[in-house]
Amino acid sequence: VADGLKTHDVAPKYPMLARRNWIQGDLVLRAVIEKNGDLGGICIIQALGAGLDESAVTAVRQWKYRPYIFNGEPVDVVTAIKVRYFIR
């Protein structure tokens with residue numbers, strides 16, 4: 001669901017502390033795609049620490065979606081969002 005109707009994407013920054021310490025992995029968030037396409041109710045389900053959690057939430061708050069429609073009406077949708085951090 002999280003990628004389906006996304007109209008605006010912002011990539012999270014990789015904090016220097018996490019990069020220096022080679023912290024990598026998947027961070028999982030739960031969020032509500034609201035009727036107007038904004039994201040709200042963001043909650044960390046699987047954290048990584050070292051500033052990565054805050055960076056992901058900051059980026060995801062800026063994402064925008066086309067509203068999801070059910071029976072002709074816009075509805076809130078709860079979704080999981082996976083943010084993958086890896087060093088190349």
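In this predicted model, Ser-55 is buried, its relative accessible area being 12%, a value that falls under the 20% limit for that class. The residue belongs to helix α2, which spans residues 52-60, and, leaving aside residues up to four places away in sequence, Ser-55 touches Pro-12, Lys-13, Pro-15 and Tyr-85.

Tyr-85 in turn lies on the covered face of strand β7 (residues 77-85), together with Val-77, Thr-79, Ile-81 and Val-83, whereas the uncovered face carries Val-78, Ala-80, Lys-82 and Arg-84.

Four salt bridges are found in a search of the whole structure. One of them links Lys-82 with Asp-26, with the closest N and O atoms 4.0 Å apart; because Lys-82 lies in β7 and Asp-26 in β2, this pair ties together parts that are 56 residues apart in sequence. Lys-82 is exposed, with a relative accessible area of 52%.

Another salt bridge joins Asp-38 to Lys-64, with 2.8 Å between the closest N and O atoms; Asp-38 lies in the loop between β2 and β3 and Lys-64 in strand β4 (residues 64-65), so this pair ties together parts that are 26 residues apart in sequence. Both partners are partly exposed, Asp-38 at 26% and Lys-64 at 34% relative accessibility. Salt bridges that share partners also join Asp-26, Lys-82 and Arg-84 into one network.

Technical notes:
Residues numbered from 1 in each chain as written. Predicted model: local features only at pLDDT ≥ 70, side-chain atom pairs only at ≥ 80, totals over all residues. Heavy atoms only, no water. Buried < 20%, exposed > 50% of the residue type's maximum accessible area, 1.4 Å probe, protein only. Helix = DSSP H or I, 4+ residues; strand = E, 2+ residues; numbered from the N terminus. Contact = heavy atoms within 4.5 Å. Salt bridge = Lys/Arg side-chain N within 4 Å of Asp/Glu carboxyl O.
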